[in-house]
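Visitor: I am new to this structure. Please give me the overall picture, then take a close look at a single part.

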Amino acid sequence: MIPLKYNVRNLRVRWITTLMTVIGTGLVVWAMVLTFGLTDGLEHALSISGQPLDLIVLRKGANDETGSNVAQATADQIADLEGVAKNDQGQPLCSAEFVTILTKPRRNNGGTTNLIVRGVDVMSRELRPDFKIVKGRDLKPGVNEAITSENMARRFENLAIGEKLEINKVDFEIVGYFEAGGSSAESEVWTDIRDIASARRTADAISSVNLRARDKESQALLVDKLKNDEQFSLQPLPEPEYFAKQLEQAVFIKFVGLFIAVFLTIGAMFAAANTMFAAVASRGREIGTLRALGFKRRSILLCFLLESVILCLLGGILGCLATLPFNGLSTGTANWATFSEITFAFRFGPRVLLQGVLMSLAMGLLGGLIPAIRAVRLNIVNALREQ
Amino acid sequence: MKTLKYIWRNVMRNKLRTTLTILSIGFSLALMTVLHGFMVTQSAWGDEAKKYNRIVALNIQGFSGRLPIAYVEKVRGMEGIVDAVPYAWYGGLYKDEAQMSFAQFATDAEHAFNVWDEFKITPDEHKAWLADKQGCVADRTLAEQQGWKLGDKIPLRSTFYTFPLDLNLVGFFDAPNNTGQIWFHWKYLDEGLRNTNARGDGNAGMLYAKTRTAAVIPDLVKKIDAEYASSEHPVRTQTEAAFAQMFSDMMGNVQGFIQSIGIAVVFSLSLVAANAMAMSMRERTTEIAVLKAIGFPRSRVMRMILGESCLIALLGGILGVSIGCAFLELGHRANPQLFAFGVKALVGPWMLVLLAVSAGIGLVSGIVPSVRAAQLSVIDGLRRVV
């Protein structure tokens, strides 16, 4: 086995070539990890939104809240059902909500896009993960007030505290910012359900009923009852399932990420191969000497593969590190399931970083393989005679 | 001419290195071609739309708002309007599919082909559509993809409305680019909704109108918006191009993201190519010294080396753009809603720009090696044993 030190020294001696290859692969890995981080952030926002015990109850046949409506009387009956969890005050954890989509301008001339405005009742807050007001105060029902997340306030016109959002000629004043554990609720504007219903002048004022089941068994019973009981005949979906459906719509973004990764990896692989071929070509005598000293073909192969892997891994680590300033940076795109903006933060968790490192590993291995084989194939006598 | 020959010989000297560099540049540029092609698709949509002088009106609140059907008749009667139709997105699921694979719109059979006058349908099929209350017409390309024939039933489950549709395919229309849509009678949906006391009746969804000339559009937009400004359902009217722009806006800052990836890729490619060139030059130090010794001027030596690096990079660029175009064409065939145009419609200066970018990568990567070679002292170069 040839000591690792040999490779490290070699890389150091040809430091310009090493540096250029490392920066080259580093940039490629950077671009890939950035793309993965984007996809992961979107997936995270959608998956954290789904609480396992929560049910979202829609009209039968509706795909999402925007195309659904539930009668007030039905919503009241659902709240009284056996199996709905209760909070400390003994009230059922069940909320009727009204969702509407408005086309509103982004800040800084970012064009217009659709914005989800949700009419909520008291219990909606307890049903969201870690809901809390982080700035300003919560909205008061009956006086046309609204709250949203800080991200949304940054992204949309008229959503900062003190500004007014116009809905059907009624002004809703933003009075606070909330957080909800990074879930998709943070992509919404919340107002009181009765206030928005009167602004929208609509008779069907409830889109969906959200509730938390006491446990898994009662959840199954509730699903069965809501689905099959004549008096309901609704479509209850466990929240994880509901958001998983929206994730399917994010498949496109995932596909783009993968596409970018594959192409860039192949490109970088050839670059690594080039560097390694040059390394092998200029070290003919060294290789011949090593062989003459009795090093096995196997160790030579391993030696050059290792060198290539080290080279690319250095680039990979550099690329991963370079994405860290973007960690937590929020961005947004269209959620094609709801046809509206969803904001989320780039996420470079261990999985994403590992993906980046694995990609650089693949570049090193595949790029180094053929040069290493060439090194092994050198004829000892010819190699030693080389200048 | 001689210089060119010399450059070509040098390019071909280390075939392996040249091939690897070309492939490396090629794959990265293929990626950029696809990403740019996608962006061009977005704007080409708008450009295409500009040709036809159409305007679109929506409820000011957006897609979820109501646009009363009476507005269509009113707008149709306005000066400067050729024709107007309701255009409501149905959002149905075909047979047992779980995700929508094509779009369905409720419109007005009598007027639709006046608004989209570039779409072609045979008079017989148009008549058949007018005669069949549950009739629908499909984009011919979509119908071919789905394997539909005239007379086929197209059942649609609804997700947005509460009224499922039972459509008969009675005709095909040919559009300049695959729209991936089917059209059915707005009245069929509306009556269905009213008879079942479902919500959403009387709603035109969107209003599409064709104007006589591009010049009358600004006034008409203002006029329509003003007409309903104080009503219960105010509208926002815009050109079809602006409407198309809205969809690409919704994607957010994709453009910026693609550009930042592009810059990273170009930068990293320059390094990679520069590396390869530097390696080539190091091996040729003695040779360059000989060339200078027999009287080649510095400028010619520089030209030769820059020419070599540009040629290699440009070959990579040509390969990359070709692969990218192949992917765009495949994308168009597989998913016409995402890639609305085939390569033929996308050909444009941007492809030359990408080729120029690749040549630029070559130029940048050749600078350091060529300057070094030009400054090489003949004696040192000849003395050096590589």
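**Chain A and one of its helices**

Guide: Chain A has an accessible surface of about 16400 Å² (Shrake-Rupley method, 1.4 Å probe), and carbon and sulfur atoms account for 59% of that surface. The model is predicted, so local features need pLDDT of at least 70 and side-chain atom pairs pLDDT 80 or more, while totals for chains, interfaces and linings use all residues. Residues are numbered from 1 along each chain as written, chains are lettered from A and ligands numbered from 1 in written order, and side-chain values use heavy atoms, without hydrogens and water.

The secondary structure of chain A consists of 13 helices and twelve strands (DSSP runs numbered from the N terminus: H or I of at least four residues, E of at least two). With a radius of gyration of 29 Å, well over the 21 Å that the globule rule gives for 387 residues, chain A is more spread out than a compact globule (C-alpha atoms; the rule is 2.2 Å times the number of residues to the power 0.38). Its C-alpha trace spans about 95 × 45 × 35 Å along the principal axes. Of the 387 residues, 58% are buried (under 20% relative accessible area, 1.4 Å probe, protein chains only).

Definitions and conventions
Buried < 20%, exposed > 50% of the residue type's maximum accessible area, 1.4 Å probe, protein only.
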